[in-house]
Amino acid sequence: MTEPGTERIAVIGGGNWGTTFAKVVVDGGRPVTLWARRFEQAVEINDAHRNTQYLPGIDLPLGLTANHELEPVVTGADVLFLSVPAQAARERLEEMRSMLKEDAILVSLMKGVERSTGLRMSEVIAEVSGIPMERIAVASGPNIAMEIAREEPTAIVVASESRETADRVARIARNSYLRSFVNTDVVGTEYGGVLKNLIAIAVGIVDGVGYGENTKAAVMTRGLAEITQFALTMGAQASTMMGLAGLGDLIATCESPLSRNFTAGRLLGQGYVFEDVVQQMEQTAEGLRSVRPVLDHAEAQGIDMPIARQIDAVLHGRMKPADLAPHLATDDDTPRGE
Ligand SMILES: NC(=O)c1ccc[n+]([C@@H]2O[C@H](COP(=O)([O-])OP(=O)(O)OC[C@H]3O[C@@H](n4cnc5c(N)ncnc54)[C@H](O)[C@@H]3O)[C@@H](O)[C@H]2O)c1
Ligand SMILES: O=P(O)(O)OC[C@H](O)CO
């Protein structure tokens with residue numbers, strides 16, 4: 001295993017988050033090679049130190065170089081951060097598998113679940129790469145990419161079943177504007193990032209309909225209760241859901257007009273149908289594809305997720321967006337505790 005502090009670092013995915021995250025690592029003092037899907041994008045990053053499509057106006061550091069070919073980026077890399085849409089992760093990992101160093105560490109930056117299997121990204125990584133869970137990590141938290149690219153301070157949580165791996169990754173993923181915390185609750189850290197996207201869609205829907213702050217606060221608060229119950233049943237720790245990866249990210253995503261999940265929800269609330277929303281979104285809104293697999297898990301575990309169910313109904317045209325919030329009050333008229 002390469003000495004800590006000397007690892008070769010790669011980021012797979014040159015979108016909004018992959019590029020920002022690569023900048024974070026370089027600004028922390030470590031060079032990064034980034035795999036960008038398009039040739040022109042790699043050229044722009046190398047020559048102009050910009051990624052105009054995803055980070056307009058942001059100057060990228062010189063220590064960030066890009067390549068549109070996967071092999072030179074993956075081969076020899078000690079720590080690889082994955083930041084492609086969750087539905088594309090399996091295919092990219094299959095391509096990467098034979099190129100990976102024997103002792104490579106893989107870190108998911110993604111906040112979706114695989115729709116066809118319901119698996120979390122760390123589970124997909126383990127299944128496809130064969131890498132043991134002790135060398136897999138996930139990183140999550142209130143991390144709106146554009147704010148971080150502007151070097152506005154925030155924090156991230158790195159989780160791995162191995163505390164040593166989490167520490168090692170956290171030392172790479174930090175700088176003067178990003179503070180890293182660690183834990184060993186992979187399930188909670190990963191589900192925090194996935195589930196807050198669903199609530200951000202719901203908050204976006206009620207915002208798009210025109211409801212005000214009370215309604216949004218009610219959806220966020222009941223949403224937190226709902227996703228916490230789900231995550232705990234799936235094996236998460238309560239403290240994780242109350243931390244940066246749970247509550248912290250929920251607040252950031254539900255409140256930010258930069259959030260793609262919130263934006264997708266707002267478009268639904270304004271009356272656009274699912275297909276139109278997908279077409280209008282130029283970047284990945286993971287929550288749209290995670291609702292169904294989360295509900296499948298919930299149904300299998302006997303967990304009621306009224307907000308997630310209503311998002312699913314809006315997405316499939318079974319419920320008017322304006323009815324989402326009122327249903328919070330009318331679904332069940334038996335007085336009960338929060
Ligand atoms: N943007 C953020 O603020 C942010 C923050 C934290 C986590 N994330 C998570 O990071 C992941 C990536 O999001 P993003 O914001 O970078 O998305 P994005 O839409 O900005 O970029 C996605 C990137 O993946 C590439 N891509 C698309 N389809 C692909 C495929 N089939 N194979 C390989 N590459 C493909 C695109 O070319 C693009 O470079 C998501 O899971 C998201 O939830 C995003
Ligand atoms: O733009 P969103 O909705 O994908 O959210 C981005 C990050 O997950 C916020 O932490």
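Figure 1. The C-alpha atoms fill a box of roughly 60 × 40 × 35 Å along the principal axes. The chain holds 16 helices and 8 strands. Both are DSSP runs numbered from the N terminus: helices are H or I with at least four residues, strands are E with at least two. This is a predicted model, in which local features need pLDDT of at least 70 and side-chain atom pairs count only at pLDDT 80 or more, while totals for chains, interfaces and linings use all residues. Residues are numbered from 1 along each chain as its sequence is written, and chains are lettered from A and ligands numbered from 1 in the order in which they are written.

**Figure 2. The 8 strands form an open sheet.** The order is β3-β2-β1-β4-β5-β6-β7-β8, with mixed pairing. Two strands pair if DSSP finds at least two bridges between them. The edges are β3 (64-67) and β8 (178-183), each pairing on one side only. From one strand to the next, the twist averages 25°. Strands of a sheet pair through backbone hydrogen bonds, either parallel or antiparallel.

**Figure 3. Strands β6 and β7 pair in the antiparallel sense.** β6 covers residues 136-140 and β7 covers residues 154-160; 4 bridges join them. Valine 138 stands opposite alanine 159 in β7. Helix α11 (residues 244-255) packs on the sheet and touches β6, β7 and β8. Its direction makes about 145° with that of β7. Axes are lines fitted to C-alpha atoms, for helices over the stretch in contact, and angles run from 0 to 180 degrees between N-to-C directions.

**Figure 4. Domain 1 touches domain 2.** Domain 1 spans 9-184 and domain 2 spans 188-330. Such bounds come from an automatic or database domain assignment. The domain centres, taken over C-alpha atoms, are 25 Å apart. The contact takes 24 residues from domain 1 and 27 residues from domain 2. Two residues are in contact if their C-beta atoms, placed from the backbone, lie within 7 Å. On the domain 1 side, α5 (121-129), β6, β7 and β8 each supply at least two residues. β7 gives the largest share, 3 residues. This side divides into 12 nonpolar, 9 polar and 3 charged residues. Ala, Val, Leu, Ile, Met, Phe, Trp, Tyr, Cys and Pro count as nonpolar, Asp, Glu, Lys and Arg as charged, and the others, Gly among them, as polar.

**Figure 5. A shell of 24 residues lies around ligand 1.** Gly15, Asn16, Ala88, Met110 and Ala145 come nearest. A residue is near a molecule if its C-beta atom, placed from the backbone, lies within 6 Å of it. Helix α1 (residues 16-27) gives the largest share, 3 residues. The shell has 10 nonpolar, 10 polar and 4 charged residues. Domain 1 and domain 2 each give at least three residues.

**Figure 6. Ligand 2 lies between the two domains.** Both domains give residues to its shell, so ligand 2 sits between them. Of the 13 residues around it, the closest are Asn143, Asp249, Ser259, Arg260 and Asn261. α8 (186-209), α11 and α12 (260-269) each supply at least two residues. The shell has 5 nonpolar, 5 polar and 3 charged residues.
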